[in-house]
Amino acid sequence: MGILRKLGATLTAAAFVGVGALSATTAAEAAPRLAGTAQSSATAPKPAGLPPSAAPAAAKTSTAASQAAVMRKYKLDSRCMTRGRVLCINKHTRKLVYLVNGKPVQVMDVRFGAMKTPTRNGVFKVYRKSKNHVSTLYHSKMPYAMFFSGGQAVHYSSDFRARGYNGASHGCVNVRDKSKIAWVFARVHVGDKVVVYSK
């Protein structure tokens, strides 16, 4: 009976030692993995800036701020700040700003109709383009004409180039820089927006 007790005690001790060894091995193997995980999360680059939920709001604020700055710089009407191509024409500054998706791409000097033949204010669309147009009413050349309201068009004017603001049109928006208007003419499509205003 004493031998059996001794044998049982030995087996129990061996079992406990084995479990301890197994536990020690398992803990030793797991330690590097946990340390590696902790290390990788500690050394992983943190996302810069705002939390993801705030990012879209920040982008909208940034876009709104940049649009406001552009509007102030060129004294643009808010109706010009839309998607697509826009001829934004300010009678007060005497500038035409060609915008694409709210961003200014080209700026040029313009002049307008005389008192008896004023250029109409409003929002229009280019309904016709004519590269080498000649007026049937006044028999004057209107190169790179982009018609937007009745017979009124944005076009190059050799008279504007020669006489500047001493002259006036019959209602059209005259441009004196031929290369700039040719460049814009090549990019504007029928249906593009035209905004004429005083601001």
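Here is a walk through the structure above, from the whole chain down to single residues.

Before setting off, note that this is a predicted model, in which local features need pLDDT of at least 70 and side-chain atom pairs count only at pLDDT 80 or more, while totals for chains, interfaces and linings use all residues. Residues are numbered from 1 along each chain as its sequence is written, and side-chain values use heavy atoms, with hydrogens and water left out.

Start with the overall layout. The chain has four helices and nine strands, where helices (H or I, at least four residues) and strands (E, at least two) are DSSP runs numbered from the N terminus. If you follow the sequence, the pattern reads α-α-β-β-β-β-β-β-β-α-β-α-β. Of the chain's 199 residues, 30% count as buried; buried means under 20% relative accessible area, exposed means over 50%, and partly exposed is in between, with a 1.4 Å probe and protein chains only.

Now zoom in on Arg111, which you'll find in strand E3 (residues 103-111). Arg111 counts as buried because its relative accessibility is 3%. What does its side chain do in there? It makes a polar contact of 2.6 Å with the side chain of Asp159 and another, of 2.9 Å, with the side chain of Asn174. A polar contact here is a pair of N or O atoms within 3.5 Å; within protein, one must be able to donate a hydrogen and the other to accept it, and residues adjacent in sequence count only if both atoms are side-chain atoms. Leaving aside neighbours within four places in sequence, Arg111 is in contact with a whole list of residues, including Ser157, Phe160, Tyr165 and Cys172.

Phe148 counts as buried because its relative accessibility is 4%. Its contacts beyond four places in sequence include Phe124, Tyr127, Val173, Val194 and Val196. Phe148 and Cys172 are 24 residues apart in sequence, with 9.5 Å between their C-alpha atoms. Phe147 is in strand E6 too, and it is buried because its relative accessible area is 5%. Among the residues that Phe147 touches, again not counting those up to four places away, are Lys125, Tyr127, Arg128, His133 and Met142.

A search of the whole structure finds five aromatic pairs. Rings of Phe, Tyr and Trp (its six-membered ring) pair if their centres lie within 6.5 Å; planes under 30 degrees apart count as stacked, over 60 as edge-to-face and the rest as tilted. One of the pairs is Tyr98 with Trp183, edge-to-face at 6.3 Å centre to centre and 80 degrees between the planes. This pair links distant parts of the chain, with Tyr98 in strand E2 (residues 95-100) and Trp183 in helix H4 (residues 178-187), 85 residues apart. Tyr98 counts as buried because its relative accessibility is 2%, whereas Trp183, at 30% relative accessible area, is partly exposed. Then there are Tyr144 and Phe185, whose ring centres are 5.5 Å apart and whose planes are at 70 degrees, so this pair is edge-to-face as well. It too links distant parts of the chain: Tyr144 sits in strand E6 and Phe185 in helix H4, 41 residues apart.

Lys129 lies over the face of Phe185, at 4.4 Å from the ring centre, and the charged end of Arg94 sits over the ring of Tyr165, 3.7 Å from its centre. For this, NZ of Lys or CZ of Arg has to be within 6 Å of the ring centre and within 35 degrees of the ring normal.

Finally, look for the largest pocket, with a volume of about 570 Å³. Of its 29 lining residues, the closest to the centre are Ser135, Ser140, Lys141, Met142 and His155. On a 1 Å grid over the protein atoms alone, a pocket is an open set of points where a 1.4 Å probe fits, with protein on both sides within 12 Å along at least five of seven lines, and lining residues have an atom within 4 Å of a point. Grid points are joined across faces, edges and corners, and the volume is the space filled by probe spheres set on the points. Strand E5 (128-134), E6, strand E7 (152-156) and helix H3 (158-163) each supply at least two residues of the lining.

Terms used: Contact means heavy atoms within 4.5 Å.
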